[in-house]
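Work through these exercises with the model open beside you. Try each task before you read its solution.

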Amino acid sequence: FKMSLIRLLLKIILFPVSILLSILVVFLTFLLSVSSIILGIVSFVCVIAAISAFIQHDMVTGIQGLVIGFLLSPYGLQKLAIYLIAFIGAINEGIKAI
């Protein structure tokens, strides 16, 4: 009986945290979906600029453009953001499982 009372109190205390984490996951997912379109376009422009720099024999600028293009692509910072959102969601599910 005592353990279930502690568990109930813990659920009551962590309920606002769970709501905030749920709202944060939804907001970050929306923000990621909007930013992925914009960052995809910017990534494409960076790669095109890097290719033109390589054509003009400017290797340093070309490599910098490719690195920036990769970071802005769906395999760069966006993938990191997906993992971060999934981690926050897993923490939220862990709190809900208590």
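**Exercise 1: Val47 and its partners**

Leaving aside neighbours within four places in sequence, Val47 is in contact with Leu66 and Gly69; contact means heavy atoms within 4.5 Å. This is a predicted model: local features need pLDDT of at least 70, side-chain atom pairs count only at pLDDT 80 or more, and totals for chains, interfaces and linings use all residues. Residues are numbered from 1 along each chain as its sequence is written, and side-chain values use heavy atoms, with hydrogens and water left out.

Task: place Val47 in the chain, and state how accessible Val47 is.

Step 1. Val47 is found in helix 1. Helices here are DSSP runs of H or I with at least four residues, and strands are runs of E with at least two; both are numbered from the N terminus.

Step 2. The relative accessibility of Val47 is 28%, so Val47 counts as partly exposed. The cut-offs: buried is under 20% relative accessible area, exposed is over 50%, and partly exposed is in between (1.4 Å probe, protein chains only).

Step 3. Val47 and Ile63 are 16 residues apart in sequence, and their C-alpha atoms are 9.5 Å apart in space.

**Exercise 2: The chain as a whole**

Task: list the elements of the chain in order, then compare its radius of gyration with that of a compact globule.

Step 1. Count the elements. The chain has three helices and zero strands. Read from the N terminus, the order is α-α-α.

Step 2. Take the radius of gyration. The chain has 22 Å, but a compact globule of 98 residues would have a value near 13 Å. The radius is taken over C-alpha atoms, and the globule rule is 2.2 Å times the number of residues to the power 0.38.

Step 3. Look at the spans. Along its principal axes the C-alpha trace covers about 75 × 20 × 15 Å.

Step 4. Of the 98 residues, 21% count as buried. Among contacts with a separation of 6 or more, 70% come from residues 24 or more positions apart.

**Exercise 3: Helix 1 against helix 2**

Task: describe how helix 1 and helix 2 pack, and say which residues make the contact.

Step 1. Two packed helices are described by the angle between their axes and the distance between the axes.

Step 2. Read them. Helix 1 (residues 2-55) and helix 2 (residues 59-72) pack at about 165°, with axes 8 Å apart. Axes are lines fitted to C-alpha atoms, for helices over the stretch in contact, and angles run from 0 to 180 degrees between N-to-C directions.

Step 3. Classify the angle. It makes helix 1 roughly antiparallel to helix 2. Angles over 145 degrees count as roughly antiparallel, under 35 as roughly parallel, 65 to 115 as roughly perpendicular, and the rest as oblique.

Step 4. Helix 1 passes helix 2 in a left-handed crossing. Left-handed means that the near helix is turned anticlockwise from the far one by less than a right angle; clockwise is right-handed.

Step 5. Name the residues. Helix 1 contributes residues including Leu39, Gly40, Val42 and Val47. Helix 2 contributes residues including Ile63, Gly65, Leu66 and Gly69.

Step 6. Sort them. The contact of helix 1 with helix 2 has twelve nonpolar residues, six polar and no charged. Ala, Val, Leu, Ile, Met, Phe, Trp, Tyr, Cys and Pro count as nonpolar, Asp, Glu, Lys and Arg as charged, and the others, Gly among them, as polar.

Step 7. Visit the loop. His57 sits between helix 1 and helix 2. His57 has a positive phi of about 65°, although it is not a glycine. At 68% relative accessible area, His57 is exposed.

**Exercise 4: Helix 1 against helix 3**

Step 1. The contact of helix 1 with helix 3 divides into 14 nonpolar residues, eight polar and one charged.

Step 2. Asn92 lies in helix 3. Not counting residues up to four places away in sequence, Asn92 touches Ser18, Leu21 and Ser22.

Step 3. Ile91 also belongs to helix 3 (residues 77-96). Ile91 is partly exposed, at 37%. Ile91 and Leu21 are 70 residues apart in sequence and 8.4 Å apart in space, C-alpha to C-alpha.
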